[in-house]
Amino acid sequence: MTTTQAPVIKIHNLDHFFGSDNTRKQVLFDINLEIQAGEIVIMTGPSGSGKTTLLTLMGGLRSAQSGSLQILQQEINGATKPQLTKLRSNIGYIFQAHNLMSFLTAKQNVRMSLELHEHYLNGDLDQQAVSMLEAVGLEHRVDYFPHDLSGGQKQRVAIARALASRPKIVLADEPTAALDKKSGRDVVELMQTLAKEQGCTILIVTHDNRILDVADRIIYMEDGRLSQNTATTKSIS
Ligand code: ADP
């Protein structure tokens with residue numbers, strides 16, 4: 001059956017530069033990419049090749065100099081601040097260094113993300129934060145502070161926080177980099193399960209070969225160019 005749904009991420013002829021005048025350096029070259037709703041895509045490739053830059057452009061955290069970048073059918077290149085704020089409410093971010101607030105408990109960290117979306121969420125935010133922590137297997141750690149949690153547990157809180165507001169897209173930058181093999185695997189499988197349950201689309205940037213098989217599709221960045229090879233995990237394993 002062919003799908004008639006528009007892609008949730010659609011990038012066309014995108015270039016990006018850092019610096020200006022004689023320090024100007026092009027880091028992304030003619031990027032073209034479409035990601036469909038519900039896909040789990042892994043972007044891999046050498047360090048310094050432009051993966052994080054592309055991820056931050058997709059998240060509306062910076063603007064590209066030329067080309068088109070549509071997220072949820074809306075052009076974000078050149079979008080206004082209110083449009084970008086609205087876009088970001090549909091995106092969950094997970095970073096390598098989890099970025100939890102050290103002075104807030106696990107529940108308070110997740111609740112804080114819910115508060116940012118309070119205008120369209122109903123009900124008891126504390127209860128929703130606890131439910132999300134239950135979903136990542138941390139029901140016994142809701143009142144713990146980050147320094148009393150293991151690396152894997154902290155990353156689970158970060159996943160709970162990213163997914164609590166039910167974003168349509170999750171952007172994850174090296175989510176397993178600080179974790180041992182088992183914790184890294186658990187964390188990514190958890191992301192996969194929750195994404196399927198919530199029907200969200202995930203893009204993971206990683207160097208971690210151990211998690212490539214969770215992807216529906218793997219894309220490869222090298223020297224600022226995205227490989228158009230649409231290899232699936234089945235064909236590279
Ligand atoms: P990757 O995520 O693949 O490791 P990055 O997107 O972080 O690659 O970096 C791509 C290139 O852009 C690198 O050469 C890096 O040094 C450069 N770069 C990244 N961020 C900045 C910045 N804020 N200012 C200038 N150059 C940057």
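Me: In what order do the strands of the 6-strand open sheet come?
Reply: Keep in mind that this is a predicted model. The order is E6-E7-E8-E3-E9-E10, and the pairing is mixed.

Me: Which strands are at the edges there?
Reply: Strand E6 (91-95) and strand E10 (225-226), each pairing on one side only.

Me: OK, E6 then. How does it pair with E7, parallel or antiparallel?
Reply: Parallel, over 5 bridges. Ile94 has Ala172 in E7 as its bridge partner.

Me: And what does Ala172 stand opposite in E8?
Reply: Ile204. Strand E7 (residues 169-173) and strand E8 (residues 201-205) run parallel and are joined by 5 bridges.

Me: Back to E6: how many of its residues are buried?
Reply: 4 of the 5, so E6 is largely enclosed by the rest of the structure.

Me: Now the other sheet. What's the strand order in the 4-strand one?
Reply: E2-E1-E4-E5, an open sheet with antiparallel pairing. Strand E2 (25-35) and strand E5 (74-75) are the edges, and each has a single partner strand, so one side of each has no neighbour in the sheet.

Me: How many bridges hold E1 and E4 together?
Reply: 5 bridges, between strand E1 (residues 9-18) and strand E4 (residues 66-71), which run antiparallel. Two of the pairs: His12 has Ser68 in E4 as its bridge partner, and Lys10 stands opposite Gln70 in E4.

Me: What does Gln70 face in E5?
Reply: Glu75. E4 and E5 pair antiparallel over 2 bridges.

Me: How many residues sit between E4 and E5 in their hairpin?
Reply: 2 residues, and Leu72 in the turn has a positive phi of about 50°.

Me: Ligand time. Which residues surround it?
Reply: Phe18, Val27, Ser47, Gly48, Ser49, Gly50, Lys51, Thr52 and Thr53.

Me: How does that shell divide by residue type?
Reply: 2 nonpolar, 6 polar and 1 charged.

Me: Which element gives the most to it?
Reply: H1, with 3 residues.

Me: Is H1 buried or exposed, then?
Reply: Mostly buried: 6 of the 8 residues of helix H1 (residues 51-58) are, so the helix is largely enclosed by the rest of the structure. The buried ones are Lys51, Thr53, Leu54, Leu55, Leu57 and Met58. Two of those, Lys51 and Thr53, are also among the residues around the ligand.

Me: Which strands does H1 lie across?
Reply: E1, E2 and E4, and H1 runs at about 60° to E2.

Me: What follows H1?
Reply: Gly60, with a positive phi near 70°.

Me: Which residues does Leu87 touch, skipping those up to four places away in sequence?
Reply: Gly60, Ile71, Gln74 and Ile76. Leu87 itself is in helix H2 (residues 81-88).

Me: How far apart are Leu87 and Gln74, in sequence and in space?
Reply: 13 residues in sequence, and 8.6 Å in space from C-alpha to C-alpha.

Me: Why does Leu87 count as partly exposed?
Reply: Because Leu87 has 19 C-beta neighbours inside 10 Å, and a residue needs 20 or more to be buried.

Me: Switching to the largest nonpolar core. Which residues touch the most other members?
Reply: Leu133, Ile159, Ala160, Val170, Leu171 and Ile202, out of 58 residues in that core. Helix H5 (residues 151-164) gives the most to the core, with 7 residues.

Me: What's Leu133 in contact with, leaving aside neighbours within four places in sequence?
Reply: Ala106, Lys107, Val110, Leu138, Glu139, Val142 and Ala160.

Me: Which residues of H3 are buried?
Reply: Ala106, Lys107, Asn109, Val110, Arg111 and Ser113, in helix H3 (residues 106-116). Three of these, Ala106, Lys107 and Val110, are among the contacts of Leu133.

Me: Last one: what covers the buried residues of H3?
Reply: The cover includes helix H4 (125-135) and H5.

Methods:
Residues are numbered from 1 along each chain as its sequence is written. This is a predicted model: local features need pLDDT of at least 70, side-chain atom pairs count only at pLDDT 80 or more; totals for chains, interfaces and linings use all residues. A nonpolar core is a set of buried Ala, Val, Leu, Ile, Met, Phe, Trp, Tyr and Cys residues joined through C-beta atoms within 7 Å. A residue is buried if 20 or more other C-beta atoms lie within 10 Å of its own, exposed if 12 or fewer, and partly exposed in between; C-beta atoms are placed from the backbone. Two residues are in contact if their C-beta atoms, placed from the backbone, lie within 7 Å. A residue is near a molecule or strand if its C-beta atom, placed from the backbone, lies within 6 Å of it. Ala, Val, Leu, Ile, Met, Phe, Trp, Tyr, Cys and Pro count as nonpolar, Asp, Glu, Lys and Arg as charged, and the others, Gly among them, as polar. Two strands pair if DSSP finds at least two bridges between them. Axes are lines fitted to C-alpha atoms, for helices over the stretch in contact, and angles run from 0 to 180 degrees between N-to-C directions.
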